[in-house]
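Subject: Handover of a structure

Dear colleague,

Please find below the structure that I am handing over to you. I would be grateful if you kept it open while reading the notes that come after it.

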Amino acid sequence: MAHASAPAADRQRERTTHPGWFLLPALVVLAVFFVVPTVFNFVYAFTDWSSFKSEINAVGFDNFTQLAGNGTLFSSLRITLVYAVLVAIFQNVFGLALAVLLERDTALNRFARAAFFIPVLMSALAVGYIFQALLKPDGALNDVLGFFAGRDVTTPWLGDTTWTIVVVALIHAWKWMGLSMLIYLAGLKTMPEDILEAARMDGAPAWKAFWTIRFPLLAPAVTFSVATALLGSMNGFDIVQATTEGGPARTTEILNIFIYRTFGQGLFAQATTMSLVLFLMVALLAFPVIRMLRRREEIL
Amino acid sequence: MSGATLRRRPLRERSAWSRLQPVVTVVLVAVFVGIPMWLVVMTAGKSQGDALSPNLAPPTDWQLWENLREVWDRGRIPSAFAGSLLVMVPAVVGVLILGSMAAWVLARRTGRAYAVLYAAAISGIVLPPAVVTIVLLLRQLGLAGTATGMIGVYAGIYLSTVIFFVTGFVRTIPLELEEAARVDGAGPVTVFVRVILPLLRPVLATATILICLYVWNDVFYAFFVLGGRLDTLPLNLFQVASAGLYLNNWHLIFMYVVLMSLPLLIVFVVAQRKIISGITSGAVK
């Protein structure tokens, strides 16, 4: 954009030095495998497409009124939003805390960074099964708690209609906190030395210097990490499926769990409708979230 | 840098925290990474009766080999491993080549049309793919349930990520390097292959790691696209676990988890420093 007023001759030259056809293969793949299905979303959400009959008819807003009528639409939307916000908070708080804790380049810290990156490498499905085993009423966590309490503990960590969504969000955050840690470590390492030096000269206490000088300089890292955690977890599936399958009483049924379940039942139009809802929610949130975080970067 | 920070702080504060920090680190690693990993490995070595309610006790009788053999057959590990590779390798290679080509031109061209194209091309980073209608499209194309269809879908999903990372990187490469080659009579293809691609190595390495990770572990898109017609590792873990076959067979589930995680873990242990520094330098500019 900086060169928007470049003379026509330059434009002409660009055409031969950086020909547009280099874009073509990528654009074709994006069009076929991303854009066209998304356009289909806007079409088939208004039909009665299902596995029970061969023809597909337009039905207007029937799918939306039906899903809104029985409360599924808004409860799934609410649960997805709550889940995404919780994940974004936990993942970034843990990631930042780890980055600050492990900032110095000692052998132990390098080992610890690698250890906290292991969950990032593992399949989210596997992570879900591990925590299901840990958190069962007769699972390992209750065993340990029972040992210290001196009596049997049988808390159903994944069976509470209010708090299980928080537990599952914590698991999701545990899986990805190693990536946030690396993003924040990168931010901490690229800080201009003279600003830090000035802070030291002031003789401010370490924690105060951190919050007033170094944390604001982390703004780009925060933008990237919060935006990807928030918008990425809206598209979550594996961890919820492997721990609760949307239960208990559908209180952890995020949109993708609903889509998976109704697709399996052959109700393709309903699944498409929810897929469109997810798309619209992420699209509507992406722009304000990214703009808000960017503006914060500029102010600081 | 940290050394200088420490020297200026009051002596007491420094020594207290610098003695405490290693202890805190070891405890956190042991509790939050050690315990879950311990649970997986111990349970993978147990007999079915032993593993019925998974706990942190070591197996009374190690059965690693028996469990491995059972899961090998029941989870169709060889064909799942082959399927995972068959999909991952072309998807990652394709996405890197097509993405770099597009990113180079998007970074260098200045017209308004290219700014719009760039915004559109990277919007896939956050926008969720239309999983249900992808199935419909692939059926119409005759690609449903095939490796080709799956590769195309992954390419469509992760191209945005590659274009985003590589475009940012190309903008830091001085135009003079290209000019020098062009003066020698090199065309755009030669400039791209000889000058740009070799310089992209660090950013492509980071992108490779991230995309391998996503594709190797993906079960959600594979479920819709492949629908059980091609085995992949996560898909088989998911199918056998949710079909109830492994109900309370925690020893088999965790043996599967160990086998599935090993390839990535081995790569990580071997190239650990490179991977971590690659992601740290690529994530934030």
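The notes below take the two chains in turn and then turn to the contact between them.

This is a predicted model, in which local features need pLDDT of at least 70 and side-chain atom pairs count only at pLDDT 80 or more, while totals for chains, interfaces and linings use all residues. Residues are numbered from 1 along each chain as its sequence is written, and chains are lettered from A and ligands numbered from 1 in the order in which they are written.

Chain A

Chain A contains 14 helices and 0 strands; helices (H or I, at least four residues) and strands (E, at least two) are DSSP runs, numbered from the N terminus. The C-alpha atoms of chain A fill a box of roughly 80 × 75 × 30 Å along the principal axes. Its radius of gyration is 24 Å, whereas a compact globule of 300 residues would have one near 19 Å. This radius is taken over C-alpha atoms, and the globule rule is 2.2 Å times the number of residues to the power 0.38.

An unreviewed UniProt entry lists "domain: ABC transmembrane type-1" for residues 77-289 of chain A. UniProt positions are given in the numbering used here, feature names are shortened, and annotations may be inferred rather than shown by experiment. In the model, the span 77-289 of chain A is 77% helix and 0% strand, and its end C-alpha atoms lie 17 Å apart. The unreviewed entry also annotates "transmembrane region" in chain A, including residues 114-135 and 209-231. Residues 114-135 of chain A are 91% helix, with end C-alpha atoms 25 Å apart. For residues 209-231 of chain A, the helix share is 96% and the end C-alpha atoms lie 31 Å apart.

A cis peptide bond, with omega about -5°, joins A:Gly247 and A:Pro248. A:Pro248 is placed in the loop between helix H12 (238-243) and helix H13 (255-264) of chain A. A:Glu245 is also found in the loop between H12 and H13 of chain A, and its phi is near 55°, a positive value in a residue other than glycine.

Chain B

Chain B has 15 helices and 0 strands. Its radius of gyration is 24 Å, well over the 19 Å that the globule rule gives for 285 residues, so chain B is more spread out than a compact globule. The C-alpha atoms of chain B fill a box of roughly 75 × 70 × 30 Å along the principal axes. Chain B is divided into domain 1 (2-70) and domain 2 (78-245), with bounds from an automatic or database domain assignment. The C-alpha centres of these two domains of chain B lie 35 Å apart.

In one part of the contact, A:Ala126, A:Tyr129 and A:Ala133 in H6(A) meet residues in H14(B), among them B:Trp250 and B:Met260.

Yours sincerely

Notes:
Contact = placed C-beta atoms within 7 Å.
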